[in-house]
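Have the sequence and the model open side by side before reading on. The paragraphs below go through a few places one at a time.

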Amino acid sequence: ERGQPPGRWGSQKRDPDVMIVETCAITTRVAPSFTRIGHIDLFGRRAQRAGAGTAQMDELRKMVRHAIFREFPEILESSAGDADDGDGDVTPEQVAAFLVSSGLAIADVVCGWLRVGFCQGNFNADNCLVGGRTMDYGPFGWMDAYDPLFAKWTGSGEHFAFMNQPGAGLANFAVLAASCAPLLKGGEDEAQAIVQRIQGEMESKVADVWRVKLGLRESQRAAAAKLFDYKLEPLMRESNVDYTLVFRQLAECLKLPDDASDDDLLEPLAPAFYDSPNAFYDDGTRAKWCDFVRAWRDEMDGTAGTIEAMNKVNPAYVLREWMLVEAYSAAKENDDFSVLEELFELTRTPYELGSDEMQEKYYRRAPDRALKAGGTAFMS
């Protein structure tokens with residue numbers, strides 16, 4: 001199981017010991033609905049507890065129907081007169097379709113997070129919307145140095161850490177399915193069967209994340225899984241590399257000729273290695289990276305279109321916390337919003353390198369101080 005590899009991953013609990021006073025802002029969240037799995041869980045528990053009657057079951061049915069109407073109206077539109085937000089009934093078939101649609105949406109959002117290096121950090125059923133979005137403000141953030149147990153929030157624990165997010169999403173979905181079980185023809189058995197289906201879909205979608213990040217075709221799923229699970233992921237874990245840059249720079253390795261020396265083959269990856277410790281110059285580490293890069297290149301039928309495809313799924317820029325600190329510090333201390341505006345423009349096209357000036361400022365690994373600073377590297 002990913003998330004339980006041999007050995008111990010290197011995350012340690014980080015407790016802040018300095019109180020930081022900061023200016024706050026009021027923001028507004030916008031979504032088609034704010035129906036959480038926790039909402040349906042509440043009504044499901046009421047309907048299934050001892051002594052519950054038809055009133056509690058009707059409330060659950062109405063809650064589920066409302067969630068379908070707000071998030072997946074096409075399910076109701078298949079039945080004449082049902083595409084409204086009234087007190088109409090909901091059929092077992094519609095409930096089953098709702099669960100499948102919700103499960104696939106949750107899988108999609110979680111896999112999107114893996115692809116761009118984002119960790120929600122507190123992805124429980126109360127912070128998971130049935131439409132495949134998250135409600136919580138965090139503390140969340142994008143990862144700098146790769147760590148499978150990365151999370152910004154010191155209270156995340158391993159269960160909400162970066163590489164364990166698919167498991168967290170599936171656990172949330174299992175709560176939703178159990179809550180809706182009384183409305184299904186097959187009850188708990190049907191609910192469990194749907195959970196198993198979504199688990200398979202989740203595993204397939206996660207595997208596809210690594211496949212597309214490596215620029216491989218659908219027919220190469222097995223090869224991609226082998227390359228990532230047994231070569232690249234362990235290397236990233238032990239090499240202190242930047243998650244965003246290592247995938248982005250990997251595409252540059254395809255531009256080199258087949259007879260490139262080991263030094264030339266690895267040079268494009270140099271910007272992804274953090275300085276302390278800089279494993280890029282360790283002979284043993286270099287040999288493992290060369291072995292991976294050559295094995296990966298051997299899977300390529302050709303490089304035509306591959307570099308472009310990789311650069312469309314591996315962002316050049318993400319909203320790293322140190323960038324945001326610079327932006328809000330300039331706004332607060334100097335009434336200077338130019339950094340904020342600059343980041344806004346940068347993230348409108350995160351897959352494009354942009355100008356030389358933007359690359360020099362932002363296409364780089366995090367400053368070493370940002371990897372340990374409270375309020376930047378981690379938050380309570």
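Which helices do the buried residues of helix 8 pack against? They pack against helix 4 (92-116), helix 6, helix 7 (221-239), helix 10 (283-298) and helix 11 (306-313), where contact means heavy atoms within 4.5 Å. This is a predicted model, in which local features need pLDDT of at least 70 and side-chain atom pairs count only at pLDDT 80 or more, while totals for chains, interfaces and linings use all residues. Residues are numbered from 1 along each chain as its sequence is written, and side-chain values use heavy atoms, with hydrogens and water left out. Helices are DSSP runs of H or I with at least four residues, numbered from the N terminus.

Buried means under 20% relative accessible area, with a 1.4 Å probe and protein chains only. Among these buried residues are Tyr-243, Phe-247 and Arg-248. At the N-terminal end, Asp-242 caps helix 8, with a side-chain oxygen 3.2 Å from the backbone nitrogen of Thr-244.

Helix 6 (residues 187-213) contains Arg-211. Arg-211 counts as buried because its relative accessibility is 9%. Its side chain makes a polar contact with the side chain of Asp-208 at 2.8 Å. A polar contact is a pair of N or O atoms within 3.5 Å; within protein, one must be able to donate a hydrogen and the other to accept it, and residues adjacent in sequence count only if both atoms are side-chain atoms. Not counting residues up to four places away in sequence, Arg-211 touches Leu-216, Arg-217, Glu-218, Gln-220, Arg-221 and Ala-224.

Next, look at helix 5 (residues 165-180), whose axis comes within 10 Å of that of helix 6 and crosses it at roughly 160°. Axes are lines fitted to C-alpha atoms, for helices over the stretch in contact, and angles run from 0 to 180 degrees between N-to-C directions. The two helices are therefore roughly antiparallel, a term for angles over 145 degrees. Residues of helix 5 that take part in the contact include Leu-170 and Phe-173, and those of helix 6 include Ile-198 and Met-202.

Finally, Ala-67 is found in helix 2 (residues 54-71). Is Ala-67 buried or exposed? Ala-67 counts as buried, because its relative accessibility is 0%. Thr-35 is 32 residues away along the chain, yet the C-alpha atoms of Ala-67 and Thr-35 are separated by 6.5 Å. Leaving aside neighbours within four places in sequence, the contacts of Ala-67 include Thr-35, Phe-98 and Val-130.

How values were computed. Buried means under 20% relative accessible area, exposed over 50%, partly exposed in between (1.4 Å probe, protein chains only). Angles under 35 degrees count as roughly parallel, over 145 as roughly antiparallel, 65 to 115 as roughly perpendicular and the rest as oblique.
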